[in-house]
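Me: I would like to go through this structure and ask, for each label, what it rests on.

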Amino acid sequence: MAGEMPFEQPLVELRGKIDELKKFSKDKQIDFTDEIARLEQRYQQLETELYQNLSVKQKMQLARHAQRPTTLDLINHIFTDFIELHGDRLYGDDLAIVGGIARLNGLPVTVVGHQKGKDTKDNISRHFGMPHPEGYRKALRFMKQANKFNRPIITFIDTPGAYPGSAAEERGQGEAIARNLMEMASMRVPILCVIVGEGGSGGALALGVGNRVFMLENAIYSVITPEGAASILFRDASKSMEAAEAMKITADEILKLGIIDGIIPEPKGGAHRDVAAQAESIKSTLWTSLEELLKLSEQELVEDRYNKFRQMGRFKAIQEGNHA
């Protein structure tokens with residue numbers, strides 16, 4: 001198993017024993033077929049038990065896995081005829097955001113998403129998937145173009161949050177995010193969003209105002225990273241797991257809260273185990289939802305998106321004169 005996590009060590013050890021027994025059987029010409037079959041059965045049982053009962057911490061580890069498929073990985077598997085576009089025409093080209101024009105089952109669409117790096121050097125150039133203001137303005141430029149030419153918009157979300165540096169603040173980080181929220185809310189084309197890894201804070205929401213929002217099974221979505229929440233609430237970032245439990249950041253919890261519209265299953269062990277199969281699941285979900293949304297008029301699309309976000313949250317009315 002490549003890129004295994006600490007909690008997967010029992011599986012790694014058992015797979016090692018199976019491979020060792022197979023090699024020994026071949027080298028010594030001894031038949032261990034029954035023993036190997038029993039170990040394989042035990043492996044499948046252990047694998048099922050492990051991945052069906054992942055803790056919040058384990059799901060966070062999978063969501064942040066270094067080999068988890070990125071936006072460009074998914075684009076290459078899901079779409080055809082992809083043409084990447086660059087720059088915001090105001091400041092520069094933020095590599096933490098990628099996007100362009102492509103075809104989904106032959107239908108022209110605009111696709112945009114956060115992009116993490118594949119190694120340390122790549123991550124540094126892409127700010128570890130944390131966009132600057134020019135990244136969000138770049139994404140908005142693509143989406144406005146899609147709105148103008150009546151192309152559906154598909155976004156992939158995978159970021160710890162917007163870049164927190166002083167230069168980003170000087171160039172209007174908050175305004176860029178807020179403008180994306182406002183503009184996406186009024187787009188007259190279908191918008192589909194998929195949280196593929198981390199969905200952190202406004203940095204995620206700036207690409208997340210969609211008619212339909214989906215999460216991969218082991219993705220996380222939160223108003224702030226667990227580490228950030230722990231630093232604020234407990235003055236101790238090491239209590240991030242305690243914060244994560246309280247924040248309800250996993251896909252199943254987010255679905256219960258009505259924040260997302262569905263969960264896309266992952267291969268056993270996470271999306272990185274079989275990128276092609278994961279991409280196919282995402283593609284199927286996108287196409288099914290897109291066929292539904294394409295039946296709506298422009299006004300109905302805007303109202304659908306508005307109503308979706310207005311219905312989020314639970315409120316309790318306080319009677320006048322009883323404010324305790």
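Reply: A place to begin is the network of salt bridges that links Arg64, Lys116, Asp158, Glu198 and Glu227, where a salt bridge is a side-chain nitrogen of Lys or Arg within 4 Å of a carboxyl oxygen of Asp or Glu. This is a predicted model, in which local features need pLDDT of at least 70 and side-chain atom pairs count only at pLDDT 80 or more, while totals for chains, interfaces and linings use all residues. Residues are numbered from 1 along each chain as its sequence is written, and side-chain values use heavy atoms, with hydrogens and water left out.

Me: What makes Glu266 and Arg68 a salt bridge?

Reply: The N to O distance between the side chains of Glu266 and Arg68 is 2.5 Å, and the cut-off is within 4 Å, so the pair qualifies. Glu266 lies in the loop between β8 (262-264) and α13 (275-293), and Arg68 in the loop between α3 (56-63) and α4 (71-78), so the pair ties together parts that are 198 residues apart in sequence. Helices (H or I, at least four residues) and strands (E, at least two) are DSSP runs, numbered from the N terminus.

Me: Why is Arg68 called buried?

Reply: Buried means under 20% relative accessible area, exposed over 50%, and partly exposed in between (1.4 Å probe, protein chains only). Arg68 has a relative accessible area of 3%, so Arg68 is buried, and Glu266, at 10% relative accessibility, also counts as buried.

Me: Which label do Arg137 and Glu175 receive?

Reply: The side chains of Arg137 and Glu175 meet in a salt bridge, at 3.1 Å from N to O, and the pair links helix α6 (residues 133-148) with helix α8 (residues 173-185), 38 residues apart. Arg137, at 22% relative accessibility, counts as partly exposed, and Glu175, at 36%, counts as partly exposed as well.
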